[in-house]
Amino acid sequence: MADLPVTAQATFAATLVDEWLRAGVRHAVVAPGSRSTPLALALADRDEIAVHVFHDERAAGFAALGVGTASGTPAVVLTTSGTAATHLHAAVVEAHLGEVPLIVCTADRPPELRDVGAPQAIDQTHLYGRAVRWFVDLGVADEAATHSWRSMAARAVAIATAPPAGPVHLNLPFREPLVGRAGPLPAGRAGGASWVTVTAPAPNATPATPVAGRRVLFVAGAGADPSLSSRACPVLADARSRLCGPSGVTHADAFLRHRPTADALRPDAIVRIGPPPASRIVNEWLDGCDAPQFVVSRSWRDPGHRAAQMLAGGATFDEPDRGWLEQWRAVDDIAEAAIAERLASDERPTEPHVARAVLAALPTGGRLVAASSMPVRDLEWYARPRADVEVYANRGANGIDGTISTAIGVALASRAPTAVLLGDIAFLHDSTALVAVGARDVDLTIAVIDNDGGGIFSFLPQSTALDRSRFEQLFGTPHGVKPEDLAAAHGIASLIVEAADTVEAAVRSTMDAGGVWLVVVRTDRAANATLHAELNAAVAAALDARA
């Protein structure tokens, strides 16, 4: 590098990286390319930042998303110019809707190579539309603008992390020669602080809102306050909430299908915190209650258009009805016993059992990423949250793309044993994430539920409204690919699990061994839909018996 000429754009790129480090950024995900060379070299030159190279841009985007999800600090994701930049769009949308900090850097051709037929030159201005918190084209590096470089870099971190967190997009035109050496960097603020900070309003800046009624129901998603676990009110808690105290209720999807129970549990008020549940049954029941709904969220979350108020501050509550929590606890315990008894009767693994077993197998401090199809629903409906395990899912846009890459990013940022639970279609969607995954120094277990197609569609009206061949053609979409064969091509060892009582042990053994493993559980799509109906029927029968 000493023989290379000092260039303005090498100094510019090195300044961006230096300021990002000062602001706390510690991970960069780079997709190989030529036009992005100045920033790629600047990132690689700093030992303080971990650089993860992904051959596929979509996988790179979701890996960076995983880093931000697990750490709360944005990762930098870098691509070359042209269509490479377009492959980040899905991850950008998920970061936008999921409120995950992300710094997207797209290299670009300089102005003189745009709109003249130059290769790899597309219009990258506002490429991701309104899905970013901030877009800026920083222009070709010019020494006259040296004073602005640190400010722009710090502003990117500040906006990405300010509530609500999300992605920012920096478009970076680079001219030939692309390889150069950085000169002296412009001075940073004394004391090592970043140039720009954004201060969120204090939690009590807005007066507390009174929530009237003695029968208050909380609905808690990711990011909920752990103290909710000890409230004297029921809390419908999904797996991402980590709320598993005496107030936590986890089987609402099953027992709210039972009409007498659903009618008896209508609350005086509903407080929704964070993202909504995955369950359509729960959400429709909540929206069908006459009770006012209060939404505590950093962004507007009211898909049912039933919110009485969006709470920017705290809330005060009436003294709870002492029998209210016990009423919910009783039906939830009945549902758990009925579900456990029905699942125990199966010798072969079932999808609800796998969800329970994978979560149970994780060590304390472990991480679990669930695909946004049936896996996240099975976790929400059948597994009990664990306070000592972080659970993630890309529920901003609810796509299944990039699930493995997200898990890799979570593992890279957390350095914790990580598992990802997904179906075979989600596995195939993100198969490029397997490229060189064994060299990434992560402990990752990829648990694939292989039902040779799109299992979630078996729960939709299409499954009965269409003849079997048409349904399979358009929705079932069998592919015949064995996940273990694809994994073997990437040097990943596999375990095939065929007995229900060995699922948890198999997952635990891979976590104990460390490294990257594939655990495959074969299921049948039609049988899975039938099982879910049987579980709901078992819960209903148990509730009827109690009455």
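## Strand S8

Both faces of strand S8 are covered: Val 216, Phe 218 and Ala 220 are buried on one side, and Leu 217 and Val 219 are buried on the other. Buried here means under 20% relative accessible area, exposed means over 50%, and partly exposed lies in between, with a 1.4 Å probe and protein chains only. In a regular strand the side chains alternate between the two faces of the sheet. Five of the five residues of S8 (residues 216-220) are buried, so the strand is largely enclosed by the rest of the structure. Helices (H or I, at least four residues) and strands (E, at least two) are DSSP runs, numbered from the N terminus.

This is a predicted model, in which local features need pLDDT of at least 70 and side-chain atom pairs count only at pLDDT 80 or more, while totals for chains, interfaces and linings use all residues. Residues are numbered from 1 along each chain as its sequence is written, and side-chain values use heavy atoms, with hydrogens and water left out.

S8 pairs in the parallel sense with strand S11 (residues 269-273) over five bridges; two strands pair if DSSP finds at least two bridges between them. Leu 217 has Ile 270 in S11 as its bridge partner.

## The chain as a whole

The chain has 19 helices and 20 strands. Its radius of gyration is 25 Å, close to the 24 Å that the globule rule gives for 547 residues, so the chain is as compact as a globular protein of that length. The radius is taken over C-alpha atoms, and the rule is 2.2 Å times the number of residues to the power 0.38. Along the principal axes, the C-alpha atoms fill a box of roughly 80 × 60 × 45 Å.

Buried residues make up 53% of the 547 residues. Of the contacts (heavy atoms within 4.5 Å) with a separation of 6 or more, 76% are between residues 24 or more positions apart.

## A six-stranded sheet

Six strands form an open sheet with parallel pairing, in the order S16-S15-S17-S18-S20-S19. Strand S16 (390-393) and S19 are the edge strands, each pairing on one side only. From one strand to the next the twist averages 20 degrees; axes are lines fitted to C-alpha atoms, for helices over the stretch in contact, and angles run from 0 to 180 degrees between N-to-C directions.

Strand S17 (residues 418-423) pairs with S18 over six bridges, and Leu 421 stands opposite Ala 447 in S18. Helix H11 (residues 351-361) lies across strand S15 (367-370), S16, S17, S18 and S20, at about 170 degrees to S17.

## Strand S20 and its neighbours

Five of the seven residues of S20 (residues 516-522) are buried, so this strand is largely enclosed by the rest of the structure. Seven bridges join S20 to strand S18 (residues 444-450), and the two run parallel. Ile 449 has Val 521 in S20 as its bridge partner.

Strand S19 (residues 493-497) runs parallel to S20 and is joined to it by five bridges. Ala 493 has Trp 517 in S20 as its bridge partner. From S19 the chain crosses through helix H18 (residues 503-513) to S20 in a right-handed β-α-β crossover. Right-handed means that, with the strands pointing away from the viewer, the path from the first strand over the helix to the second runs clockwise. H18 lies across S17, S18, S19 and S20, at about 165 degrees to S19.
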